[in-house]
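Please look at the sequence and the structure shown below before reading on.

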Amino acid sequence: MGKIEWAMWANEQALAAGLILLTGGIVGVAGTFRGWQFAAYAIAAGAFVCLLEYPRGKRNKGTSVERTGQYCFTVCVKSFGPVTRNYYVRAFLHAAICVPGGFMLATVLGCVCLGIASLIYLGAAIRGEQWEPILPRTATRKAVGESIKQPPQNPPPRPPAEMRRKRAEDLEGAAYVNPVDVTANEE
Amino acid sequence: MVLSFKSWVANEGGKHFVLVLWLGANTWLFLRTFLTYSTGQQYYYLYKMLGLGLCISRASASVLNLNCSLVLLPMCRSLLTCLRGTHTVSSRRTRRLLDKSKTFHVVCGVAICIFSVVHVSAHLVNIVNFSAGYSEDLPGLNLARYRGEDPRMIILTTVPGVTGVILVVILFLMFTASSYCIRVSNYEIFWYTHNLFIVFYIILMLHMVGGALKYQSNVDAHPPGCLSANQSSPVLQGEELETGSDEERRCKEEARFHPHYPQTWMWVSGPLCLYCAERFYRYIRSSDPVTIVTVIRHPCDVIEVRMLKRDFKAHPGQYIVLNCPGVSSFENHPFTLTTCPTEEKETFGIHLRIVGDWTERFTELLLPKPGVESEILPMVQQRRYPKLCVDGPFGSSSEEVFNYEVSLCVAGGIGVTPFACVLHALLDGWRQFRLRRLYFVWVCRELQSFYWFSELLCALHHKLWQENRPDYLNLKLFVSQTEDLQSMSEEKYRPLSSRLSIGRPRWKLLFDEIGNANKHKRVGVFCCGPKGISRTLHRLCNSSRYTGVTFEFNKESFS
């Protein structure tokens, strides 16, 4: 029922997976375990994924909630144009990034989580979703003159409303002119 | 705004007390398990092999056990409604804690995530140590099959390893789908992933099968640190051998190790059975058919649906959950009741605002397109209404309106629905309530919205005037959009138009007025509306401006 936007969920997953990958990488390098080069790679890859996924995309329908301070990231990600807009690219990119993480124990979990995120991105791409940047709306303020009602045409003293109303039998004697023609029997 | 201690305790004290209790329980459990594993005699050899990772992983596991059992309890909504409604929990302060059940669930969930991270990290270190510290002396203790076995192979070939990976994946899916953003925009993702909890719990109960961590079962016969028959004491080399103590320290037999009996099921099975029973009960209760009696279209995209169901009892302020198979088989949407069934009239009703695709589709099934029929007339029973399942009623904080002497109800837009039910109860089903004065503030964006309940408000106002209780209901209506001059021109709605103000309400002045008129009383503040209003009201309730009056804040979460 209704359009589910899978990309939003994939975005949350990819951000979390990036953080997990980053943490695993830091642990791996700090302990200089066997295969710590993979851990160093995981730090870089995790940081990259976090930066790419931090700006949330715009929803198709409804209000989009931004993450705090995401505007500068939005600008950076937007500047890559179709590469970052297309979710197929993101899906394959995440799949490629996650593979080296599987070679070291500390980064295995990050690899698995990023793999799941890449699958969901693939699903979103197949459904035709795209990343739209959330840009601040230029607030259009109504000109003050339009909201104030038109000032009266006649100078004071003004006759009461019954006198002012145009009577059908005496169209010429009225104090104003209709922009649209009216007939006597029109309600 | 300066915080007042008395107001803060009245509003926030209960919640924080429960939080402190919960934190204390978690801390005690963590420390107790940590100390057991670091100083216990039966874990001496295991601790030597694995080190600190053993203690941290087991301690976090016991905290996870506690939180996995607690996290289910706040979600047993029918049970909580019973506790609230039958006044089994007699103190109002304790009943107010039930309002925060969803928050408690979230807190336990976050704790589960954090401690899972700790647990997994510690166990990864354990696996590395199992592999690197393979002990030839104590073969029974090893998890690895040989020294230096690849830790990833250990994970994939043991039951705890495989179940652990599956649990982490499920937890990852559940956690990432639970953020506020996803719940607001794509509620189905949240709902379906959260229903994976049953898989999570079943696998959790199987997680300890296979026993990776073993304790020593013959501590008396083989005190840890004793010397085996062919070992000489390294400390006493070169010193006088004291044969007496040396004999005592010889082992009588080899150390024997036994895997742990899985304990998680003891923690988790009770709440899990309770929750499953509750879901089953709700399913049975909602399968009873509901007859739609009338459907009325109101201005500003609101329709009113009146229904009839056998054996349906509800109190003002409760809400129901609708499921319409004709629209979507699995979606359930909560709506507050605006009319409760009474002895005279058995129908109950909801007002729903058409926003989102479920409500749009539901309205299409109920009503013809606008323009074909006149808007306010009720439908003639030519139409076949869709099948509707109603689950509920469930309790909410607005049930407490009658339990205060003075209540302030603030409604924003469609948030007026719980209070509409309260007003209906005052109009039709008058009993000796504890409530002596009701301040009703309704803020809407458009003037047309007030027509949803204009009849009800005028009828109640009229009735109270006739009974010479004009100060019982203090009505204030606000229209927040100030662009066009608006007024309710009908003569019969004169009580409303004379109490209508243009522009947003000024809450401080309102609270001053209520505080001055009701000194030395406890005023219940009920808010159902946008976050901005509820935050402002919450802050005002906690502030110290009003001497002698305590404002107790109750928020209805309208998600």
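## A helix and its cover

The buried residues of α18(B) are covered by elements that include β9 (406–412), β10 (437–444), β11, β13, α19 (531–542) and β14 (550–555) of chain B. Here helices (H or I, at least four residues) and strands (E, at least two) are DSSP runs, numbered from the N terminus, and contact means heavy atoms within 4.5 Å. The residues that are covered in this way are Trp507(B), Leu510(B), Phe511(B), Ile514(B) and Gly515(B). Because they cover an arc of only 130 degrees around the axis, these residues are on the same side of α18(B); the arc is that of the directions from the helix axis to the C-beta atoms. The word buried means under 20% relative accessible area, exposed means over 50%, and partly exposed is in between (1.4 Å probe, protein chains only).

This is a predicted model, in which local features need pLDDT of at least 70 and side-chain atom pairs count only at pLDDT 80 or more, while totals for chains, interfaces and linings use all residues. Residues are numbered from 1 along each chain as its sequence is written, chains are lettered from A and ligands numbered from 1 in the order in which they are written, and side-chain values use heavy atoms, with hydrogens and water left out.

## Backbone details and a buried arginine

Most residues other than glycine have a negative phi, and most peptide bonds are trans.

The peptide bond from Gly392(B) to Pro393(B) is cis, with omega near 0 degrees, and Pro393(B) belongs to strand β8 (residues 389–394) of chain B.

Is Arg282(B) buried or exposed? Arg282(B), which lies in helix α13 (residues 264–286) of chain B, counts as buried because its relative accessible area is 11%. Leaving aside residues up to four places away in sequence, Arg282(B) touches Met75(B), Arg77(B), Ser78(B), Asp391(B) and Phe394(B).

Chain A has eight helices and zero strands, and 33% of its 187 residues are buried. Among the contacts in chain A between residues at least 6 apart in sequence, 71% join residues at least 24 apart.

The contact between the chains takes 27 residues from chain A and 29 residues from chain B. The size of an interface is often given as the accessible area lost when the parts come together. The area buried between chain A and chain B is about 2,400 Å², and carbon and sulfur atoms give 74% of that area; buried area is the accessible area (1.4 Å probe) that two parts lose on being put together, summed over both.

Across this interface of chain A and chain B the rule finds zero salt bridges, a salt bridge being a side-chain nitrogen of Lys or Arg within 4 Å of a carboxyl oxygen of Asp or Glu. On the side of chain A that touches chain B, α1 (6–30) and α6 (108–126) of chain A each supply at least two residues, and α1(A) gives the most, with eight residues.
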